[in-house]
Amino acid sequence: MPRIFRHWMLWPALAMLLVFFLMPSVDILRASVMDPELTFRHFERFLERAVYMRVLWHTVEVSFVVAIVCAVIAYPVAYFIVQSPRRVQFLLLLLIFIPLWMSILIRSYAWMVVLGREGVINSLLMGAGLIETPVRMLFTTPAVYVAMIQILLPIQIVTCYSAMSDIDLGLVRAARVLGASPWEATRRVFIPLSLDGTITGMIIVFMLSMGFFITPALLGGRRDLLLANLIEFNVTQLNWGFAAAIALMLLLAAIVGIVVIRLAARLLLRALNGALAR
Amino acid sequence: MPFTDASSGESVRFEGVGKSYGDVDALVDFDLAVNPGELVTLLGPSGSGKTTALNVLAGFTQATRGRVLIGDREVQGLPPEKRDVGMVFQSYSLFPHLNVFDNIAFPLKLRGVSRKEIAERVEDGLDMIQMGDLGQRMPAELSGGQKQRVAFARAVIFRPPVLLMDEPLAALDLKLRESMQAEIRAYHQRLGCTIVFVTHDQNEALALSDRIAVMGDGKLAQIDTPQAIYDAPQSRYVAEFIGKTNLLEATVAGSDLAIPALELTLPVADLPAHSAKRDGPITLSLRPERIFRVCQGDAEAYPNFEARVEDALFMGDMVQYRLRLPDAQTLIVTERRDTGGARPTRGATVQLGFLPRDLTPIPEPS
């Protein structure tokens, strides 16, 4: 078989990527510098106006916080699931998956119902006589965080779980009989081996957060807009060139963010191994 | 050289240990005493309780009943890390995120040994397993035999008085397994620790052990030296599990021993001295390599009988015959290839003999 045909099974996927990903990406790149003729003014505008840089920074900040909080919550949950008997594992994973079957839009609206002025929480608190007037929760930054974390958490749990279920628990037993207490065995064997999968999950959550758009629009205040919201605004205003420039800045920030997460993970692993040396 | 100091092995004792999983008894009233510095194998098929016994000793499984002692210490109820035993696993269980050096150093770090001493002892350990320059390799870059050596070094680096080995050679091919057996014996001599070795491979047990504990149905069937286990099995189960054998039903009446299957009657006095000679039925074990062909002229020298060749299995240095006796019982005979004369062909009738002292009576279960 000629060399070129050897990977024929990849062709459909490659064709799909070419048509629906690579070509539009090139088109966006072109639009950002060719509107209407070769120019960098869209990028200049982005970099010069403080408001855009502030939104960029806010987007990165929100995404990092969401990724970290998701990882911190998901890790013990995934650990608990992995330690459960097989049947229970299946049931628990099902429970984790159920929210994923609902669209982000619906889940964001649901949070409006929960957090609103007349929402579930305020009604409960007022009914219990704990507060006199409704607490403002909707259209605040914490509301955006809570909803984004709730929406993205299942993804992080499932990624952590899959990394942990690949770990040979015989290794933990080996560590025990060689002299490690349960905590030592976890710290020196289980955590280092599950870290890669956790980092992968964090990167997925981080990237998804960077593109979040409906949730901040519905639940946040004016200052909670993310870059994706700016893109949407400029597209509707038919500022194609500027929208494309924002999209590329978002892509760049996402790449930088991933590199930073990877570096941090490597440092963490080294710290764990360093602690081992003592 | 700190590593090669003979650590003094400690005794291991199981006293009436039982372990049940719901209705299933994995270990029943299990007694075993291993002397300090001894290499004892727990031998049995899967489900015989050998792995449960090892896990109870390592602390991975808690016994339902009985006492487990290492030296003078009662260890039942102690977690694995408090028992101070080394262990080598069938799947090696090397830590994939640590290199060879850090794998071997692992137990020392947990014991708070100084960095300098760790470096010295691990270097010694690497020299012992002849992997001196491979300390920086990751486990994934090692061959099966190398992984096994690293696992061994890691298990003994902290000089545990007792080393547990759970089918450590099962994943290796035959040649490597045999050379590793020789290595394990050599390390054992050098280190002096007590070794409890679990295997289902009888040849491995015969080759390695000071004593073999044959297990079946969660019980200890027999414990003795390899030779005694082979030559004087104390039950039908042990006789059939260790090596191949022919079991013959016989009857003792006064001074006569009648073996109907061979159409022979021998004087009871010809049986091995230690065997019971009470009147009644008795089962005799006769190993296949103890039966030989006799020429017409020798017919008077040995008790002999006729059998028909059903099948001949060529095994390199040996030929194994399956024969049919006149009463239709099958008999297995192995013969070295250098025996002179033509090999009997299928369907041929041969004259076979044996020495009466090779008949091993099997005690009936009381």
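Me: How do the axes of H5 and H6 in chain A sit relative to each other?
Reply: This is a predicted model, and in it the axes of helix H5 (residues 104-115) of chain A and helix H6 (residues 120-127) of chain A come within 4 Å, crossing at roughly 20°.

Me: OK, so parallel or antiparallel?
Reply: Roughly parallel. Angles under 35 degrees count as that, so H5(A) and H6(A) fall in the roughly parallel class.

Me: Which residues make the contact?
Reply: On the H5(A) side they are A:Val113, A:Val114 and A:Leu115. H6(A) brings A:Val120, A:Ile121 and A:Asn122.

Me: Zooming out, how many helices and strands in chain A?
Reply: Twelve helices and zero strands. Reading from the N terminus, the order of elements is α-α-α-α-α-α-α-α-α-α-α-α.

Me: And what does chain B have?
Reply: Chain B has eight helices plus 20 strands.

Me: What box would I need for the C-alpha atoms of chain A?
Reply: Along the principal axes, the C-alpha atoms of chain A fill roughly 75 × 70 × 40 Å. For chain B the corresponding box is roughly 75 × 45 × 35 Å.

Me: Switching to burial: what share of chain A is buried?
Reply: Buried residues are 42% of the 278 residues in chain A. In chain B, they make up 52% of 366 residues.

Me: How much accessible surface does chain A have, and what part belongs to carbon and sulfur?
Reply: Chain A comes to about 16000 Å², with 73% belonging to carbon and sulfur atoms.

Me: What about that surface on chain B?
Reply: About 16400 Å² for chain B, and carbon and sulfur atoms hold 49% of that.

Me: Now charges. How many positive and negative side chains in chain A?
Reply: Chain A carries 22 positive and 14 negative side chains. The centres of those two sets lie 9 Å apart.

Me: How far apart are the two centres in chain B?
Reply: They lie 4 Å apart in chain B, where the sets are 39 positive and 49 negative side chains.

Me: Last topic, contacts along the sequence. Take contacts in chain A with a separation of 6 or more: what share is between residues 24 or more positions apart?
Reply: That share is 71% in chain A. In chain B, of the contacts between residues at least 6 apart in sequence, 67% join residues at least 24 apart.

Definitions and conventions:
Residues numbered from 1 in each chain as written. Chains lettered and ligands numbered in written order. Predicted model: local features only at pLDDT ≥ 70, side-chain atom pairs only at ≥ 80, totals over all residues. Heavy atoms only, no water. Helix = DSSP H or I, 4+ residues; strand = E, 2+ residues; numbered from the N terminus. Buried < 20%, exposed > 50% of the residue type's maximum accessible area, 1.4 Å probe, protein only. Contact = heavy atoms within 4.5 Å. Areas by Shrake-Rupley, 256 points an atom, 1.4 Å probe, with all protein chains shown as cover. Lys, Arg positive; Asp, Glu negative; His and termini not counted. Charge placed at Lys NZ, Arg CZ, Asp CG, Glu CD. Axes fitted to C-alpha atoms, helices over the stretch in contact; angles between N-to-C directions. Parallel < 35°, antiparallel > 145°, perpendicular 65-115°, else oblique.
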